[in-house]
Amino acid sequence: MALKSDYKNELIRSFKNVKTLSNVDIDNEEEAIKLIDQLAEILFECQYDNQKCPGYEAYQNYKIRQELEKERFKALELQFMVTGTYH
């Protein structure tokens, strides 16, 4: 597994490449790189399989909502098959 600093450097390098390729002129490039560095710190701060991560609960809630929605659609399909109508 790569280190967090490797990911951060890759993100900053990608930003500079996109800036060069698209001919974008940024007035305060140092400030933009600081923001990208902070973004990388947040993104790579934790792993989502770790329960200590702040995003873990939101991710689990999302997964639960997805499963409940699948179950709801399956129940509606069964109801349509049995009764032939929604009522």
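**A chat about a predicted helical chain**

Modeller: Let us begin with Ala40, which lies in helix α2, residues 29-43. Please keep in mind that this model is predicted.

Biologist: Is Ala40 buried or exposed, and why?

Modeller: Ala40 counts as buried because its relative accessibility is 0%, and buried means under 20%.

Biologist: Which residues is Ala40 in contact with, leaving aside its neighbours within four places in sequence?

Modeller: With those neighbours set aside, Ala40 is in contact with Lys8 and Leu11.

Biologist: And how many Å apart in space are Ala40 and Tyr7?

Modeller: From C-alpha to C-alpha, the two are 7.5 Å apart, although 33 residues separate Ala40 and Tyr7 in sequence.

Biologist: What about contacts across the protein chain: of those between residues at least 6 apart in sequence, how many join residues at least 24 apart?

Modeller: The share is 35% of those contacts.

Biologist: A change of topic, then. How many helices and strands does the protein chain have?

Modeller: The protein chain has three helices and zero strands. Read from the N terminus, the order is α-α-α.

Biologist: Where is Met81 found?

Modeller: Met81 is part of helix α3, which covers residues 54-83.

Biologist: Is Met81 buried or exposed, and why?

Modeller: Met81 counts as exposed because its relative accessibility is 68%, and the cut-off for exposed is over 50%.

Biologist: Which residues form a nonpolar patch with Met81 on the surface?

Modeller: Leu78 and Val82 form the patch with Met81, and together the three have about 380 Å² of accessible area.

Biologist: What is the accessible surface of the protein chain?

Modeller: The accessible surface comes to about 7700 Å², and 55% of that belongs to carbon and sulfur atoms. Of the 87 residues in the protein chain, 10% are buried.

Definitions and conventions:
Residues are numbered from 1 along each chain as its sequence is written. This is a predicted model: local features need pLDDT of at least 70, side-chain atom pairs count only at pLDDT 80 or more; totals for chains, interfaces and linings use all residues. Side-chain values use heavy atoms; hydrogens and water are left out. Patches are made of residues with over 30% relative accessible area and no salt bridge: like charges are joined within 9 Å, nonpolar side chains (Val, Leu, Ile, Met, Phe, Trp, Tyr) within 5 Å. Accessible areas come from the Shrake-Rupley method with a 1.4 Å probe; for residues, only the protein chains shown count as cover. A salt bridge is a side-chain nitrogen of Lys or Arg within 4 Å of a carboxyl oxygen of Asp or Glu. Helices (H or I, at least four residues) and strands (E, at least two) are DSSP runs, numbered from the N terminus. Buried means under 20% relative accessible area, exposed over 50%, partly exposed in between (1.4 Å probe, protein chains only). Contact means heavy atoms within 4.5 Å.
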